[in-house]
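Let's take a friendly tour of a protein model, one piece at a time. Have the structure open beside you and follow along.

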Amino acid sequence: MHEVKTPKKPLIFYYIIVLLIMMLLNFLFVPWMSKRQIIETDYSTFISMTESQDVGQVEIQAQENQILFTNKDGTVIYKTGMVNDPDLTQRLYDSGAKFSGEIIEQASPIVSFLVTWILPIAIFIALGQYLSRKMMQNAGGPNSMMFGMGKSSAKVYVQSTEGIRFADVAGEDEAKENLTEIVEYLHNPEKYKEIGASMPKGILLVGPPGTGKTMLAKAVAGESSVPFFSISGSEFVEMFVGMGASKVRDLFKQAKEKAPCIVFIDEIDAVGEKRGGKLGGNDEREQTLNQLLTEMDGFEGNNGVVILAATNRPDSLDPALLRPGRFDRRVPVELPDLKGREEILRVHAKKVKIADNIDFGKIARMASGASGAELANIVNEAALRAVRDGRAFVQQADLEESIEVVIAGYQRKNAILTDEEKHIVSYHEIGHALVAAKQSHSAPVQKITIVPRTSGALGYTMQVDDGDHNLMNKTELENKIATLTGGRAAEEVVFGSVTTGASNDIEQATKIARAMITQYGMSDGFDMVALETISNQYLGGDASLACSPETQTAIDKQVVALVKQQHAKAVQILTENRDKLDELAKYLYEKETITGEEFMNILEGGEEK
Ligand code: ADP
């Protein structure tokens, strides 16, 4: 899409130009004028220069009683007094000097005065005139208080041949279906008017970051070939009270002029946050929000302006903004499922040169939980890796490695583990994998590695689910906790001591155990009571407890009991399979990275490769 608005140049830009011109005049022009300064010399030098044929031009100024002459290449001008010397003319003639009327076009003091003083002043006056005229133009509207302020800085895009289309947004079928209606309306508003139906004025796209909300909004504009205004919510929030409101007015005025069109407000939570409640509320933001509410109410339905807004904090929005008649439709744009991830990978893979035999399904399974933006990044990382390795196209291994880079950071090539540490890490990782494999419901192991990563991980076990899991039962969750404790359990079983390497496992295991008790109703005795509320669902989800202190104590006890129980189970599994644990850990220690297949071969007693 093209951006059609030419950006306004800041005032400082003009001042810099003037300063440059002045410097140019002073450093180049003025010295040039006075470059050929006149050097006063005595008559004997003049005679000797004449004899050595060093004189270029001569001008005899009888009136001033002086002679001006230049050297051979005319770069220096000399001046000397006149002496009664009748042979002079002949000698000069013999030496090849040229007689000239005026060798020196001396820069008159008037010219240099003009250049150094009058010209800059003239430039300043011209600039001042120009700026004040611009100011008058800008201040023409009733909305603007000062030069350029209070104008919306929305970027206007128009549809172009390479505009984003629905086909570019992979997955997100439900969202696309929902928005197709808008496209249809923008194409043919009459059809809707006839029956008396009015389009929703505002559509709120909600979902986690990087799921394609902005892309979807652009695609709606692209599909319906109408102007597209894009502005971020934070751009409304100004330092001066009233400025943001004026920007909102201006934006809607522009939009109505260009109707049918789409206005897209990204991160609307920056202006749309709930009002009041806070001490020393933000006047400017509240005014801006009020203006937005008024504008959305004010323009009658079916006038062809459709407002799309995106946010990942829908629960923080002011209820007035969400009522019917304003943002009355909410389109969820969720993280892509397995099929969606595969489609997104394919869309982005088209932009790079890629081998034919890529298993996109496998990559999509490995990247479980990744957003569209992360998947785009994975493909790009893979392409970068291919270039680094001097290959002309991307291979499966590039994509797999780039997923690991996204999950765990780059390989730390120069991190040196002591032999003992390497042993411990091998056992730790095999501990996770073995516990996972021995519990029937756990996902199979994809890869185990003990190559340190920049994220600080000394090794990791990658598990890949077969498909999407929308529901998990209690046993699966318990098994997950057991798998997480497997690393520490292996250290205990083999070395009888523990290390600091399990901190991340502990954190995750506790999180699952706590959620089971407080959110999923899988506790002992709390039945189906919600003990925790989740806010900010799309940004990681902050949980806050909503229960009495006694209940909190009871929850803590249950969490500890649950984790302990699963930890004991992991220790038991590993003790029962001690010989396999040793064999696998030795194998991993030697190879540093092993695949799920190699792991299963050894585990099932297959021959060692
Ligand atoms: P959001 O506005 O939801 O934070 P964006 O729309 O800005 O996310 O998406 C960021 C980038 O991620 C896009 O430029 C695109 O490359 C990629 N992306 C996200 N979702 C998708 C998708 N569904 N299909 C294709 N690419 C996507």
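This is a predicted model: local features need pLDDT of at least 70, side-chain atom pairs count only at pLDDT 80 or more; totals for chains, interfaces and linings use all residues.

Now look at the side chains. In a regular strand, they alternate between the two faces of the sheet. Within strand 8, Gly 202, Leu 204 and Val 206 point one way, while Ile 203 and Leu 205 point the other way. Are these residues buried or exposed? All of them are buried. Because five of the five residues of strand 8 (residues 202–206) are buried, the strand is largely enclosed by the rest of the structure.

Next, a pair of helices. Packed helices are described by the angle between their axes and the distance between the axes. For helix 2 (residues 43–51) and helix 3 (residues 88–95), the axes come within 9 Å and cross at roughly 40°. That angle makes helix 2 oblique to helix 3. Which residues meet here? Tyr 43, Phe 46, Ile 47 and Thr 50 from helix 2 meet Leu 88, Arg 91, Leu 92 and Ser 95 from helix 3. Sorted by type, the residues of this contact are five nonpolar, two polar and one charged.

Finally, on to charges. Side chains of opposite charge can pair when their charged atoms come close. How many salt bridges does the model have? The count comes to 20. Here are some examples:

| Salt bridge | N to O distance |
|---|---|
| Glu 184 and Lys 191 | 3.2 Å |
| Glu 342 and Arg 346 | 3.1 Å |
| Lys 422 and Glu 592 | 3.0 Å |

Glu 184 is partly exposed at 37% relative accessibility, and Lys 191 is partly exposed at 43%. Glu 342 and Arg 346 are four residues apart in helix 12 (residues 338–349), so about one helical turn separates them.

Lys 422 counts as buried, at 19% relative accessibility, whereas Glu 592 is partly exposed at 31%. Salt bridges can also share partners: Arg 385, Asp 389, Arg 391 and Asp 398 are joined this way into one network.

How values were computed. Residues are numbered from 1 along each chain as its sequence is written. Side-chain values use heavy atoms; hydrogens and water are left out. Buried means under 20% relative accessible area, exposed over 50%, partly exposed in between (1.4 Å probe, protein chains only). Helices (H or I, at least four residues) and strands (E, at least two) are DSSP runs, numbered from the N terminus. Axes are lines fitted to C-alpha atoms, for helices over the stretch in contact, and angles run from 0 to 180 degrees between N-to-C directions. Angles under 35 degrees count as roughly parallel, over 145 as roughly antiparallel, 65 to 115 as roughly perpendicular and the rest as oblique. Contact means heavy atoms within 4.5 Å. Ala, Val, Leu, Ile, Met, Phe, Trp, Tyr, Cys and Pro count as nonpolar, Asp, Glu, Lys and Arg as charged, and the others, Gly among them, as polar. A salt bridge is a side-chain nitrogen of Lys or Arg within 4 Å of a carboxyl oxygen of Asp or Glu.
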